Amino acid sequence: MIDYAELNQFLYEGKAKKVVEIVQQALDDGIPVSEVLSEGLIAGMAVLGEDFKHNILYVPEVLIAARAMKSGLNALKPYLSEEDKKDKKGVIVIGTVKGDLHDIGKNLVSMMSEGAGYEVYDLGVDQSFEQYYEAAVKYKADIIGMSALLTTTMPYMKTVIDKFKESDLPNMKFVVGGAPINKEFADEIGADGYGADAASTVEVLNRLMAAV
Amino acid sequence: MKSRDRVLKALNGEETDRPPIFVTLTPEAAQKMSAHLNVPYEEPYDSLLSTRMSHMDLLTKLGNDCVGIAATAPKNSPTVLINEEKKVYQNEWGMQFVNVGLYNEFYKYPLAHATSVEDIENYPWPDPMAEGRFDAAAELIAKYKDEYAIVADLETSFFETSWYLMGMEKLLMDMAMEEDHVFALFDKVMQINTEIGKKLIEMGADIIWAGDDFGTQRGMMISPDMWREVFKPRIKWMFSEFRKVNPDIKIAWHSCGSIIPIIEDFAEIGLDILNPIQPQAEGMDPDYLKDNYGKELSFFGGIDIQNLMPFGTPEEIKADVKRRMKILGKGGGYIVAPAHNLQDDTPVENIMAFYEAVFEYGEEKKSSQV
């Protein structure tokens with residue numbers, strides 16, 4: 001038997017060892033991987049995301065929980081069948097734009113999206129159009145996420161979007177976020193969504209994927 | 001009116017001819033402005049936050065009422081280029097930065113390995129009183145003290161300097177897990193910087209400008225409860241140490257982002273001036289702040305650099321600066337300034353528009369009183 005409430009709670013508290021222990025036990029007991037993933041990890045991260053959005057949890061707690069989630073996912077991964085992998089909600093390629101090396105917000109979005117059931121390819125920081133494009137082709141991305149902290153680097157988001165429009169992936173969808181970014185800027189540069197924080201970004205991704 | 005008197009009066013809650021000004025610039029912005037004014041470009045000092053004490057000749061010519069001072073790297077351990085190809089620099093704290101054009105970004109955190117209090121204790125810490133650390137501050141004081149208010153910068157007081165040493169994610173996680181080495185690190189950095197702050201006050205600073213960023217664009221980075229448990233008592237101690245040197249010292253705290261839940265706490269432990277009132281951060285509204293905290297606190301900053309200064313027109317800048325001076329400067333208690341260093345993306349005419357707005361506001365105020 002697996003107690004999902006308990007697993008959710010350990011995840012919430014960031015107790016990585018406990019999370020792995022319970023996940024491993026569930027898998028050993030023959031509980032379907034997809035169930036452990038959705039009821040245990042994704043459901044737990046959803047609560048966390050809500051509480052982060054509403055200032056009940058803050059960055060340190062979310063970082064610890066995200067680490068626990070990663071440990072849990074890593075324990076699950078070897079058991080995921082091709083069938084399970086098809087259930088993913090979408091493919092996200094994410095990175096901080098060229099000239100900008102700030103990544104805490106981007107990492108939170110990356111971890112929350114993964115925790116919400118997306119296949120996430122985090123390219124890291126300082127990413128050019130070419131790098132986003134290559135990754136989009138390679139991983140068959142549904143959505144590209146771009147982050148910027150600096151007012152001097154945020155204009156590059158528009159460059160990336162414009163270049164995609166001229167490429168053979170003109171319908172690529174973009175979600176942008178970062179401290180100086182707001183809804184108006186996102187609209188102005190032709191992004192499909194604006195992620196105000198990690199939890200809202202997951203909601204934006206869900207909305208965009210539902211429209212696909 | 002002397003600049004220094006304007007600053008001190010405003011901070012004592014008196015109306016002045018216009019709010020005092022304290023702009024700071026990144027080197028690239030300073031280069032542009034020096035060329036514009038046709039004055040020699042002053043090289044920045046070798047200091048952790050050198051923007052706060054550099055280019056003061058240029059800035060006072062532009063109209064600043066405050067002059068920034070700070071500790072610099074001492075004679076025997078200046079910041080050095082350790083990898084020419086990758087442009088990696090190492091400072092006296094052992095932090096390594098890589099130059100990425102307009103910014104230095106962290107390259108290596110020297111305490112990324114730390115897991116115990118011993119790791120902190122055994123680290124080769126800088127000596128706060130090392131020879132040459134206060135030479136630049138002494139020169140700046142000698143040159144400007146009569147005319148201008150002296151602001152001793154002590155930002156990145158201990159939280160930020162600690163994560164510069166350990167890496168932010170590790171520090172935040174270890175702190176949330178209540179690992180002892182994090183608190184040992186905070187205490188060590190805080191002691192070093194408090195010594196430096198006390199020395200700068202003793203040398204004649206009018207204002208001590210301490211700070212650590214606790215806010216994000218959307219709210220607190222850490223919970224108000226954790227802040228009250230970990231940071232508030234330490235900051236309170238720092239403030240009391242500063243007042244032992246000069247009971248009348250004005251204390252400013254810098255925290256970027258939205259920090260609404262802890263402003264009252266800061267007032268309670270004796271803060272005088274809140275900086276930088278980042279306008280686009282959630283809830284940092286000038287009317288709200290002046291109405292709720294205007295009796296206890298003065299404000300310093302408040303002009304948006306995330307959109308207005310780099311991307312606005314001179315007319316938009318003038319209108320916004322005047323509006324904010326009217327609100328935040330009512331009955332004194334306001335140093336008008338951009339919410340951070342102006343950088344290369346801000347056009348010269350926008351920087352001039354900021355200063356012109358303040359001077360025009362003074363003229364308009366004078367003529368409306370006649």
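Two strands count as paired if DSSP finds at least two bridges between them. Helices (H or I, at least four residues) and strands (E, at least two) are DSSP runs, numbered from the N terminus. In this predicted model, local features need pLDDT of at least 70 and side-chain atom pairs count only at pLDDT 80 or more, while totals for chains, interfaces and linings use all residues. Residues are numbered from 1 along each chain as its sequence is written, and chains are lettered from A and ligands numbered from 1 in the order in which they are written.

## The two chains

A residue is buried if 20 or more other C-beta atoms lie within 10 Å of its own, exposed if 12 or fewer, and partly exposed in between, with C-beta atoms placed from the backbone. The radius of gyration is taken over C-alpha atoms, and the globule rule is 2.2 Å times the number of residues to the power 0.38.

| Chain | Span of the C-alpha trace along the principal axes | Residues counted as buried |
|---|---|---|
| Chain A | about 55 × 35 × 25 Å | 49% of 212 residues |
| Chain B | about 65 × 45 × 40 Å | 49% of 370 residues |

Chain A contains ten helices and five strands. A compact globule of 212 residues would have a radius of gyration near 17 Å, and the 17 Å of chain A agrees with that. Two residues are in contact if their C-beta atoms, placed from the backbone, lie within 7 Å. Of the contacts in chain A between residues at least 6 apart in sequence, 75% join residues at least 24 apart.

Chain B contains 14 helices and eleven strands. Its radius of gyration is 20 Å, close to the 21 Å that the globule rule gives for 370 residues, so chain B is as compact as a globular protein of that length. In chain B, residues 24 or more positions apart account for 73% of the contacts with a separation of 6 or more.

## The sheet of chain A

In chain A, five strands make an open sheet with parallel pairing, in the order β2-β1-β3-β4-β5. At its edges are β2 (119–122) and β5 (193–195) of chain A, each of which pairs on one side only. Neighbouring strands of this sheet are turned by 25° against each other on average, direction ignored. For such angles, axes are lines fitted to C-alpha atoms, for helices over the stretch in contact, and the values run from 0 to 180 degrees between N-to-C directions.

Within the sheet, β3 (residues 143–147) and β4 (residues 173–177) of chain A are paired in the parallel sense over five bridges. A:S147 has A:G177 of β4(A) opposite. Helix α7 (residues 129–139) of chain A lies across β1 (91–96), β2 and β3 of chain A, and runs at about 160° to β1(A).

## The antiparallel sheet of chain B

Four strands of chain B form an open sheet in the order β2-β3-β4-β5, with antiparallel pairing. Its edges are β2 (80–83) and β5 (104–108) of chain B; each has a single partner strand, so one side of each is left without a neighbour in the sheet. From one strand to the next, the twist averages 45°.

B:V80 has B:Q90 in β3(B) as its bridge partner.

## A helix pair in chain B

Helix α6 (residues 159–166) and helix α8 (residues 180–202) of chain B pack at an angle of about 120°, with their axes 9 Å apart. That angle makes α6(B) oblique to α8(B); under 35 degrees counts as roughly parallel, over 145 as roughly antiparallel, 65 to 115 as roughly perpendicular and the rest as oblique. Residues B:T161, B:S162, B:L165 and B:M166 of α6(B) meet B:L185, B:F186 and B:V189 of α8(B).

## Backbone exceptions in chain B

Most residues other than glycine have a negative phi, and most peptide bonds are trans. B:N38 is not a glycine, yet has a positive phi of about 60°. B:N38 is in the loop between α2 (27–37) and α3 (56–62) of chain B, and counts as exposed with 6 C-beta neighbours inside 10 Å.

B:E178, also not a glycine, has a positive phi of about 55°. The loop between α7 (168–176) and α8 of chain B holds B:E178. With 11 C-beta neighbours inside 10 Å, B:E178 counts as exposed.

A cis peptide bond, with omega of about 5°, joins B:N275 and B:P276. B:P276 lies in the loop between β9 (273–275) and α11 (286–293) of chain B.
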